[in-house]
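Here is a short report on one protein chain. Please keep the sequence and the model open while reading.

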Amino acid sequence: ILTQKLFVNSLFELHSDEDYFQFYIIGLMFFFAIISHLLNYSSKHISYLEASMVQRNLAEKTYSRTLNLTTSGSSKTNIGNIISLYATDIVSTSTLIDDVFPNLSSYILPIVLSPFALILMTSIDPTWIILTVFFVLCINSLMSIRQSRFFLDHKFLAAARMSFVNEWIQNIRAIRMLGWIKSMEARIQQARVNETDNRLHMVTNGSTMNSISYSAPFFINILAIFLLIFIEGK
């Protein structure tokens, strides 16, 4: 931000053709951009490594606890729930590390810091900009609450589907003898449809959140330019 401000100021303060200050500023901007991308990719790489370690450790602990289940504990937990733990829950827990934290630095921080950058670069009243940032954060907060509900429903729907599949496989002989194959397949298919619909809503809501977060700084900049030109008159 400071290099951009210096570059804009240099456009109005250039008095000689031998003044190469602008080129130094452009070189600094390019250097900082490269450093920013390197830090961004490094943080994502570290996040993926940490998520893999967390996922492996959770799988090992869950497996050891499964082997040491007592008779009463085994009766309360069916095989479908245990499989759901390995297939969905353990994988989803690592999402906090490899997805939420990197996106926090990539999307949320620019939205929060943009008013301070505009105040530093211009002399406009930051009230409308701060209100816009607050409005964007409120929208994303409401959508994140909705996303958490979709995510929780996804856990229950996946566990229910795995339970139906496990019951079908374990009792396939009795189901065939009683002629319940069609009804069991219909239950599994309906569970899968419900899970897919919930997943579709979850992905759509998450993509909308990401698009709002990514584009919010640009709209804030447009609002700042509008205020600077049409209200401040400078």
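Phe31 is partly exposed, with a relative accessible area of 47%. This is a residue of a predicted model. Phe31 sits in helix H2. Phe32 is partly exposed too, and its relative accessible area is 44%.

**The aromatic pair**

How many aromatic pairs are there? The count is one aromatic pair. Phe31 and Phe32 form this pair, and its geometry is tilted. The ring centres lie 5.7 Å apart, with 55 degrees between the planes.

**The nonpolar patch**

Phe31 and Phe32 also belong to a nonpolar patch on the surface.

**Thr62 in helix H2**

Helix H2 covers residues 21-67, and Thr62 lies in it. A polar atom of the Thr62 side chain is 2.7 Å from the backbone oxygen of Leu58. Leaving aside residues up to four places away in sequence, Thr62 touches Leu85, Tyr86 and Ile90.

**Ile220 in helix H8**

Is Ile220 buried or exposed? Ile220 counts as buried, at 0% relative accessibility. Its place is in helix H8, residues 181-231. Which residues does Ile220 touch, not counting residues up to four places away in sequence? They are Ile111, Ser114, Leu118, Ile129, Thr132 and Val133. Take Ile129: it is 91 residues from Ile220 along the chain, yet the two C-alpha atoms are separated by 6.5 Å.

| Residue | Relative accessibility | Class |
|---|---|---|
| Phe31 | 47% | partly exposed |
| Phe32 | 44% | partly exposed |
| Ile220 | 0% | buried |

**The whole chain**

Now the protein chain as a whole. Its secondary structure comes to eight helices and zero strands. Along the sequence the pattern reads α-α-α-α-α-α-α-α. The chain has 234 residues, and 23% of them count as buried. Its accessible surface is about 16,400 Å². Carbon and sulfur atoms account for 68% of that surface. Among contacts with a separation of 6 or more, 76% join residues 24 or more positions apart.

Definitions and conventions: Residues numbered from 1 in each chain as written. Predicted model: local features only at pLDDT ≥ 70, side-chain atom pairs only at ≥ 80, totals over all residues. Heavy atoms only, no water. Phe/Tyr/Trp six-rings, centres within 6.5 Å; stacked < 30°, edge-to-face > 60°. Buried < 20%, exposed > 50% of the residue type's maximum accessible area, 1.4 Å probe, protein only. Helix = DSSP H or I, 4+ residues; strand = E, 2+ residues; numbered from the N terminus. Polar contact = N/O pair within 3.5 Å; in protein donor to acceptor, adjacent residues only side chain to side chain. Contact = heavy atoms within 4.5 Å. Patch = residues over 30% accessible without salt bridge, like charges linked within 9 Å, V, L, I, M, F, W, Y side chains within 5 Å. Areas by Shrake-Rupley, 256 points an atom, 1.4 Å probe, with all protein chains shown as cover. Salt bridge = Lys/Arg side-chain N within 4 Å of Asp/Glu carboxyl O.
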